[in-house]
Amino acid sequence: MPPAKNHAGVVAKRQDVLAALETGMRKPELVDHLSLSRSTVDRAIDELQEASLVERDGSHYVTTYAGRESLAAYEGYLDRLDALAEAQPVLSALPPDVDVDPAALEGAQVVQSTPAAPEGPIEVNVDPVQRAETLRTTSPVVAPRYLEAVDNLIESGTDIELVYTEAAFEALSTTYESALKRVEAAADVHGFVTDRPIPYIVWTAEVPDGTISGLIVHDDTGLVGLINNDTEAMNEWARTEYERYRADAEQVYWSNIPVDMYRSPLSQ
């Protein structure tokens, strides 16, 4: 078997032939199936046999176990590259040291903000979030649309945990007085404040038909976009990220908040 680097090159070069031979074919069938010349098919099969990716079975050629697994790994690699490319416009706004599991991006919904619809990504999340039975989310940004979503969840009795940054909690306390009072009055809302920077909203929601999670990215100019997914990879990554920020956050006991923090600048 050739070295791994050469092995990968053979899989990439002969991907179409390797895929066609999963069910086994004779060379003339392969010529017709892929519209290739006989000489090209001969060279491809020679290379694949040398790499132990294809074997001969009578007059047929068929992929080996190594061939099937190599093809699956290569196709998965291509899918992951495609997912990264699709998510890049949103991820590019994050600090370079932020680590988002590439597996969480495969099959994800990616929605970017546009000048014509700057809050379009938020509207995409209305349905899954409003169906949530439990919601766990970081809150580095406080905005009216997000507060409205929390209000609706409070009314439906959703179990909610929010991890605020210090700046976001200060904004909630001083600018959105009525919203903070509603949160304070809700028995099923638990708040936490961390002194760590949080680069994105990361959330995970239990809905009647499963779990869905995602991240929402803002930069200095506003909302950049979101990435949602209901795969186990995304759900596991989002749960882990949320717990990482919650672990060293201090729980907010609403009754201990100084009265002065409720005073909106607009009322002063």
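This is a predicted model: local features need pLDDT of at least 70, side-chain atom pairs count only at pLDDT 80 or more; totals for chains, interfaces and linings use all residues.

Residues are numbered from 1 along each chain as its sequence is written, and side-chain values use heavy atoms, with hydrogens and water left out.

Q: How many helices and strands does the protein chain have, and what makes a run count as one?
A: The chain has 10 helices and 10 strands. A helix is a DSSP run of H or I with at least four residues, and a strand is a run of E with at least two, numbered from the N terminus.

Q: Why is the protein chain called more spread out than a compact globule?
A: The globule rule is 2.2 Å times the number of residues to the power 0.38, and the radius of gyration is taken over C-alpha atoms. For 268 residues the rule gives 18 Å, whereas the chain has 26 Å, well over that value, so the chain is more spread out than a compact globule. Along the principal axes, the C-alpha atoms fill a box of roughly 85 × 35 × 30 Å.

Q: Why is D82 called exposed?
A: Exposed means over 50% relative accessible area, buried under 20%, and partly exposed in between (1.4 Å probe by the Shrake-Rupley method, protein chains only). D82 has 53%, so the residue is exposed.

Q: What makes residues a patch?
A: Members have over 30% relative accessible area and no salt bridge; like charges are joined within 9 Å, and nonpolar side chains (Val, Leu, Ile, Met, Phe, Trp, Tyr) within 5 Å. A salt bridge is a side-chain nitrogen of Lys or Arg within 4 Å of a carboxyl oxygen of Asp or Glu. Y77, L81 and L84 make a nonpolar patch of about 260 Å². Y77, in helix α5 (residues 65-91), has 47% and is therefore partly exposed.

Q: What makes the phi of S35 and of S52 worth noting?
A: Most residues other than glycine have a negative phi. S35 has a positive phi of about 55°, and S52 has one near 60°. S35 is in the loop between α3 (27-34) and α4 (38-50), and at 66% counts as exposed. S52 is in the loop between α4 and β1 (54-57), and at 32% is partly exposed.
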